[in-house]
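The sequence and structure come first.

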Amino acid sequence: MRSSTLTLGAATGAALLAAAVLPANASASTSASAPVREGSVSAAALLAKVTSCSQISNGKYKTDDETSASIPVCGKNGAVFWKADMDIDCDGQRTSKCSEDTDPWYQDDTAFHQSDGKPLRADSLPYVVVPSSSSLWNYGSAGIKGGGVVAVIYQNKVEYAVVGDTGPTKIIGEASYATAKALGIDPDPETGGTDSGVTYILFKNSKASPIESHSAAVTLGDELAQTFLRDN
């Protein structure tokens with residue numbers, strides 16, 4: 001689960017529970033157990049393109065402080081991806097769900113900010129944490145930037161998110177409270193998350209605008225996912 005190492009910042013995401021098949025620019029609330037597929041591309045179609053790894057990182061990442069380094073960053077046409085766990089990031093704007101009272105590792109900032117300059121909101125914005133740049137891997141050199149669109153896949157569910165925060169240089173596999181909740185993962189920042197089974201596909205040179213607009217990420221993500229299927 002979540003490492004005791006502090007992330008540089010983390011952010012916002014809301015309990016966005018989508019319908020089984022959702023238009024690329026819309027969302028809808030359903031029961032927590034309902035399948036999620038934002039846009040027109042299925043989880044199975046995306047996963048079929050990431051069955052093998054062409055490693056681009058100069059080594060492998062841990063999922064937590066106490067685990068061994070076993071997770072490579074892999075390259076594809078137009079994207080990078082990894083398969084890991086999901087720890088819960090609840091940093092950024094202070095809310096009833098994300099604060100010092102709910103998260104022992106809480107910080108009041110995120111690496112990337114909303115269009116108004118404020119930190120992101122982890123309990124309302126689906127976003128993903130990338131490892132801070134190091135000799136192991138430099139996300140910026142790989143075409144990944146703040147606001148970049150990510151397809152997060154878990155148990156046949158697809159949730160589009162943005163790159164919203166950076167974390168430890170040697171640990172990978174973290175996303176906002178909202179990302180977890182939308183995928184049916186326990187979003188509690190202290191006890192939630194999942195130990196494995198999450199695939200993160202980050203689309204190169206993409207950016208949702210504004211970063212805090214989930215609908216913008218879904219619309220662009222669906223287009224990029226279709227291109228990803230075509231080019232790989």
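## Helix α3

The expected span of a helix is 1.5 Å times one less than its number of residues. Helix α3, residues 214-231, has 18 residues and reaches 25 Å from its first C-alpha to its last, close to the 26 Å expected. The model is a predicted one.

The buried residues of α3 are His214, Ala216, Ala217, Val218, Gly221, Asp222, Ala225 and Phe228. An α-helix has 3.6 residues a turn, so residues three or four places apart point the same way. The buried residues of α3 pack against α1 (43-47) and against the strands β1, β2, β4 (149-154), β5 (157-167) and β7.

## Overall layout

Three helices and seven strands make up the secondary structure of the protein chain. Along the sequence they follow the pattern α-β-β-β-β-β-β-α-β-α.

Of the 232 residues in the chain, 55% count as buried. Among contacts with a separation of 6 or more, 75% come from residues 24 or more positions apart. The chain exposes about 9,000 Å², and carbon and sulfur atoms supply 47% of that area.

## Strand β2 and its partners

Strand β2 spans residues 79-89, and ten of its eleven residues are buried. β2 pairs with β1 (residues 74-76) in the antiparallel sense over three bridges; here Lys76 has Ala79 as its bridge partner. The hairpin of β1 and β2 has two residues between the strands, and Gly78 takes a positive phi near 80 degrees.

β2 also pairs with β7 (residues 194-203), again in the antiparallel sense, over seven bridges. In this pairing Val80 has Leu202 as its bridge partner. With β6 (residues 174-176), β2 pairs in the parallel sense over three bridges, and Asp89 stands opposite Ser176.

In soluble globular proteins, nonpolar side chains tend to be buried together. The largest nonpolar core in this model has 59 residues, and those with the most contacts inside it are Trp82, Met86, Tyr200 and Ile201. At least two residues of this core come from each of α1, β2, β3 (127-131), β4, β5, α2 (177-182), β7 and α3. β2 gives the most, with seven residues.

Which residues does Tyr200 contact, leaving aside its neighbours within four places in sequence? Its contacts include Val80, Phe81, Trp82, Ala84, Asp85 and Met86. Tyr200 is also in contact with Val128, Val150, Ala151, Val152, Gly173 and Glu174.

Key: Residues are numbered from 1 along each chain as its sequence is written. This is a predicted model: local features need pLDDT of at least 70, side-chain atom pairs count only at pLDDT 80 or more; totals for chains, interfaces and linings use all residues. Side-chain values use heavy atoms; hydrogens and water are left out. Buried means under 20% relative accessible area, exposed over 50%, partly exposed in between (1.4 Å probe, protein chains only). Helices (H or I, at least four residues) and strands (E, at least two) are DSSP runs, numbered from the N terminus. Two strands pair if DSSP finds at least two bridges between them. Contact means heavy atoms within 4.5 Å. A nonpolar core is a set of buried Ala, Val, Leu, Ile, Met, Phe, Trp, Tyr and Cys residues joined through side-chain atoms within 4.5 Å. Accessible areas come from the Shrake-Rupley method with a 1.4 Å probe; for residues, only the protein chains shown count as cover.
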